[in-house]
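Today I opened my notebook on the contacts in this model. Here is what I looked up.

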Amino acid sequence: MQSEARSPYTPIPMHVLHAYYESTDRSLKTLELSFDHAADSQAFFQVFNPGQFCLLSVAGKGESALGVASAAWEGDFVRFTAQNVGSVTSALHALKAGDALGMRGPMGNGFPLDDWKSKNLVIIGGGCAFSTLYALTKHVHHEDHRGDYGKLTLVYGTRTSGLCMYKHDIAAWHEDEDMEIHQAIDVPEDNWLHHVGYVPDVVRQVAPSPVNAVAVVCGPPIMTKFTLPALVDLGFSPENIFTSLEKRMKCGIGKCGRCNLGPKYICKDGPVFSLAELNALPADL
Amino acid sequence: MNLILEKQALPGLLQSWREQYDVYVPQKMERFSHFMPLTEESVLVTGEPHNTRIPPKALFLPMTETLVKFTRFGGYEDAQQNVQPRVVFGIRPCDAQAIQLLDTSFIQEGYTDPLWLERREKTITIGLGCHQPCHNGFCTTVGYGPFNKSDLDALLTDLGDTYLVETLSEAGEACFQDLSPASDDIYEHALEIQQIAHDQMPVAFETENLKEKLEQNFNSKFWEEVSQSCLGCGVCTFLCPTCFCFDIVDETQRKQRVRNWDTCMFRTYSLEASGHNPRPSRVERTRQRLSHKFVYWLDQVNQIGCTGCGRCVRYCPVGIDIRAMLRQAQTLPFEVSHAV
Ligand SMILES: Cc1cc2nc3c(=O)[nH]c(=O)nc-3n(C[C@H](O)[C@H](O)[C@H](O)COP(=O)(O)OP(=O)(O)OC[C@H]3O[C@@H](n4cnc5c(N)ncnc54)[C@H](O)[C@@H]3O)c2cc1C
Ligand code: SF4
Ligand code: FES
C-alpha cells in the first residue's frame, strides 16, 4: 500500500533493535527492526498481514526482499531472518543493534487468513523460507486468534538441527498440547528425537487429514515441488493448498516487470498463491 | 474542434509555446531522429516515413533517473525531478497508444508511480498522424491505427500545405486557440486521407486465437526455432514503446538509488542469488518477450501490448522479425478454450 508521506521507492527509516545469529553455522541472521517514527509504525501495522514481505535497504548496496518473521501482537518491531548469499544480505549480516537501515513494505498479499477461518491448518516449511510460516504460526497461536482456527499441525524440516530457526519457540511448541509439530532433519544426528528425512516424505508419513483443512507450503523450490503433489495425493484440493513464491525482485510494487509469472507479478499479486491459481499460470519459475 | 494550420505557421507556433512550456519535437540526432527540447535553432523532422529511433516513452520513463537520495546519516529522501509543464509535438499515434498502455501499469490504485504520474500530468501530447504507411509498421494489425487518437490532446493530419488539427482536450484546444476552423469539406477530405492511410497498412499477421496458440504452446519447439539467431542484445525491448522494465541500482559516489531501463532479454534479468534462473536461455527470454505482448497484456487489460510501431523489426541487428514469428505462431496447433 502507498503512503502519502513518501515515494513508494523511498525506504522507511528504521534501526536495528536486536541482531543475532539464528543458526549455528552463522549463515542465518535475525534482525529485529524498529521504526524511527511512530507514524510509520502505525501505517505499517494497519495493513500488515502474515505472509507479506519487505525490501530491506542498505544505502550503497541495494535492497533485498525478506519475508516478515514476526506477528503484529509481538510488539512494535518487525523481524526478518536473512541468509547470507550476496552483497545486500552480507551487508545486512554486518548490522548490529542501533544501526540505521531502510525498509519498504509491507508488500504483497500475505496469507488469506479470513478464508482460512474455522479450518484446520497444516503448515509445512523448510529452510529459511520458514520465516513467514513462523509469523503465521505465531499469529494463529495467539490467544486472540486461536479460536478462529481448527487443528494446528506444523511440519518443519531443515538440513541439520543447527539450521533450525526460532529454536526457543519450536522447543516450546513441542510441549504444547494445542499443536501437533513434526520436525525433521535431512541426515541422522546423535540425540535427535524427531524425524529424519525430506519434508515431502515426512508429510506423506504424517499424512495430515485433508478434511476441512488447508495446507500451506514454503520452502526451497525443490521441497515445494515434491510437497505439493504429496498433498494432492493425500486428498487436499488445489484450492486448499497454498505456497509462497520467490523470484528476483527490484521494485516490489509491480512496476519494474521483473518478477512476473505470466500476467501476475509475484511482488504485488503474490507472493502467496493457491495451487489452483498456480496451475492456471505458465511454468516460468 | 477542427482547425486549420498553415505549415508555414508551424515553427512560429511551436516557438510561441516555449513561453509557457518546455517543448519537445523530433529533431535530427546523428543518423536518427529523436525527441529533443526545442530551441531557436531547432529543425523539426516531420517528413520521415517512420518513427524516432528512441520512443517518446523516454520522456516519461527516462533511461536513467534518480529514485531516492541517500542522506548523510543513513537516511533516505525522495528524489526531486523538477518537471516543467511540457508539450510533446509530433508524437506518432502508435507511440501515444503505447503511453496509454504504460499508464495502465504505472497508474494503479494504491500502486502509482509518482515520477511517471507527475510527468504525465504535466505533459500535453500533440500527435502527427501517418498519412503514408511507414516501413515495418503494423499498427492496424494489432488493432490500433495511423490516426489513432488514444491519449492525445490533439491530432494533426497532413493535407499538403496545411494540417488539419483535431483538438481532443481542453489543453489541446488551448495550444491552438488562434487558428481558424476547418470547413466541412476540408474535414471530409482529411477523413478520406486518414481512411486511405488506414487501408494501406498491410495485415502483417492474424491476431485471432493468437493468444491461445502462444499460451498453449508454452513448451513448444517453436520457441527454439524463432530464437535461434537472437543475440540477446536487448535492442528490440529497449526501443519498444511499451517495454517498461527497469533495474534499480545504487550509485554510491553520487549517493543515490537510480532506475535504469532493463530488458528481459538479458540473462541476469531473472538470475537469482541462489544461481537459479527461471529463464536460463534465449528460448525462454524470447518466449517472455512475445508472451508479455500478446498474452499477458491481454490477460491484464484486454489490450495487445504491441502498438505495431515496427522498431523491433527495423533495428534488430540480425533481422529477427516479430511479424514473421507471429505468422509462424499462427500455424501452431491449439484448442478453442471455453473459459469466460
Ligand atoms: C518474496 C521474497 C521473500 C524472501 N524472503 C527471504 C527470507 O525471508 N530470508 C532470506 O534469506 N531470503 C529471502 N528471499 C531471498 C532474498 O531476497 C535474496 O536471497 C536476496 O535478495 C539476495 O540478495 P543479495 O544482494 O544478498 O545477493 P546478490 O546475489 O548479490 O543479489 C543481487 C541482486 O539480485 C536480487 N536477487 C537475487 N536473488 C533474489 C531472490 N531470490 N529474490 C529476490 N531478489 C533476488 C537482489 O535484489 C539483489 O539486488 C526472499 C525473496 C523473495 C522474492
Ligand atoms: S533485437 Fe534481435 S538479436 Fe537483439 S535481443 Fe531482440 S530479437 Fe534478439
Ligand atoms: S519486483 Fe518489480 S514487478 Fe515485482
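Which residue's side chain meets that of A:Arg258 in a salt bridge? I found B:Asp247, at 3.6 Å, N to O; a salt bridge here is a side-chain nitrogen of Lys or Arg within 4 Å of a carboxyl oxygen of Asp or Glu.

A note on ground rules: this is a predicted model, where local features need pLDDT of at least 70, side-chain atom pairs count only at pLDDT 80 or more, and totals for chains, interfaces and linings use all residues. Residues are numbered from 1 along each chain as its sequence is written, chains are lettered from A in the order in which they are written, and side-chain values use heavy atoms, with hydrogens and water left out.

Next, I looked at chain A against chain B. The rule gives five salt bridges across this interface. I read 40 residues from chain A and 42 residues from chain B in contact (heavy atoms within 4.5 Å). The two chains bury about 3400 Å² between them, 52% of it on carbon and sulfur atoms (accessible area, 1.4 Å probe, that two parts lose on being put together, summed over both). On the chain A side, A:Tyr9, A:Lys255 and A:Arg258 lose the most area, together 21% of what that side buries.

Then I turned to chain B itself, divided into domain 1 (2-199) and domain 2 (210-329), with bounds from an automatic or database domain assignment. Their C-alpha centres lie 25 Å apart. Between these domains I counted three salt bridges. I also noted B:Glu65 with B:Arg259, whose side chains meet in a salt bridge at 2.9 Å, N to O.
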